[in-house]
Amino acid sequence: MKILEATELKKIYGAGEAQVCALDGVSLTVEKGEFVAIVGTSGSGKTTLLHMIGGLDVPTSGSVTVDGQRLENMGDEELTIFRRRNIGFVFQQYNLIPMLNVRENVVLPVRLDGKRPEEDYVREVIDTLGLSAKLDSLPYKLSGGQQQRVAIARALSAKPALLLCDEPTGNLDSKTSQDVLGLLKMSGTRFCQTIVMITHNEEIAQLADRIVRIEDGRVMADGKRGGI
């Protein structure tokens with residue numbers, strides 16, 4: 001079952017001599033439950049692609065469908081609600097709310113949607129990510145790895161159709177990066193989560209089921225891990 005389908009995405013910034021083509025006809029399909037790493041050098045277009053498929057920016061042309069819904073057919077308010085309910089984000093910067101404790105940060109997306117958190121599910125996510133002993137802690141009392149685990153738990157709390165991670169270990173040392181990504185993969189498997197991760201780190205990319213390489217705004221290779 002397709003969770004994500006991007007078709008002939010183009011993104012052009014500027015005009016005339018200053019025009020830059022960040023994406024040049026990118027097409028990508030992701031099936032439910034896949035863990036896909038999108039790899040590329042700085043300026044390759046990988047973060048622009050993530051913004052397009054996450055509904056954070058609008059392509060110049062092409063289409064994005066997430067869980068059967070065409071993003072370009074939505075108005076701003078409808079898209080905001082759809083993102084909150086269907087797309088989880090994990091960024092390099094943890095973006096935790098400093099005055100909220102761990103549990104409050106985790107359930108924030110659900111609360112913002114006017115819903116009550118599913119307590120059993122939230123507890124399982126928190127346990128899986130090893131945060132049970134930190135529920136009452138404020139972010140400043142946590143290590144970088146712990147803060148990123150809170151960010152992952154928060155992204156999972158609303159049971160999104162798609163989890164998008166933009167350089168999620170960019171601020172972590174190599175050992176902590178491996179630990180966090182291992183937990184992310186385990187969480188994805190346990191909760192049947194579809195994950196698309198942007199990274200420039202080849203070692204981190206090897207944890208994914210599938211690696212997509214992008215350069216100069218184009219997909220250069222797409223295949224199962226070790227088969228590219």
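The following conversation discusses a predicted model of one protein.

User: How many helices and strands are there in the protein?

Analyst: The predicted model contains seven helices and ten strands.

User: And why is it called as compact as a globular protein of that length?

Analyst: The globule rule gives 17 Å for 228 residues, and the radius of gyration of the protein is 17 Å, close to that value, so the protein is as compact as a globular protein of its length.

User: What does the C-alpha trace span along its principal axes?

Analyst: The C-alpha trace spans about 55 × 40 × 35 Å.

User: What percentage of the residues are buried?

Analyst: Of the 228 residues, 49% are buried. The accessible surface comes to about 11,000 Å², and carbon and sulfur atoms hold 48% of that surface.

User: Let us turn to helix H5. Where is it, and what length does it reach?

Analyst: Helix H5 covers residues 144-156, which is 13 residues. From its first C-alpha to its last, H5 reaches 19 Å, close to the 18 Å expected at 1.5 Å a residue.

User: Is H5 largely enclosed or exposed?

Analyst: H5 is largely enclosed by the rest of the structure, because twelve of its 13 residues are buried. Among them are Gly-145, Arg-149, Val-150, Ile-152, Arg-154 and Leu-156.

User: Which elements do those buried residues pack against?

Analyst: The buried residues of H5 pack against strands S6 (87-91) and S7 (162-166), and against helices H3 (102-112), H4 (119-128) and H6 (174-190).

User: A change of topic: how many positive and negative side chains are there?

Analyst: The protein has 27 positive and 30 negative side chains. The centres of these two sets lie 5 Å apart.

Conventions: Residues are numbered from 1 along each chain as its sequence is written. This is a predicted model: local features need pLDDT of at least 70, side-chain atom pairs count only at pLDDT 80 or more; totals for chains, interfaces and linings use all residues. Side-chain values use heavy atoms; hydrogens and water are left out. Helices (H or I, at least four residues) and strands (E, at least two) are DSSP runs, numbered from the N terminus. The radius of gyration is taken over C-alpha atoms; the globule rule is 2.2 Å times the number of residues to the power 0.38. Buried means under 20% relative accessible area, exposed over 50%, partly exposed in between (1.4 Å probe, protein chains only). Accessible areas come from the Shrake-Rupley method with a 1.4 Å probe; for residues, only the protein chains shown count as cover. Lys and Arg count as positive and Asp and Glu as negative; His and the chain ends are not counted. The place of a charge is taken as NZ of Lys, CZ of Arg, CG of Asp or CD of Glu. The expected span of a helix is 1.5 Å times one less than its number of residues. Contact means heavy atoms within 4.5 Å.
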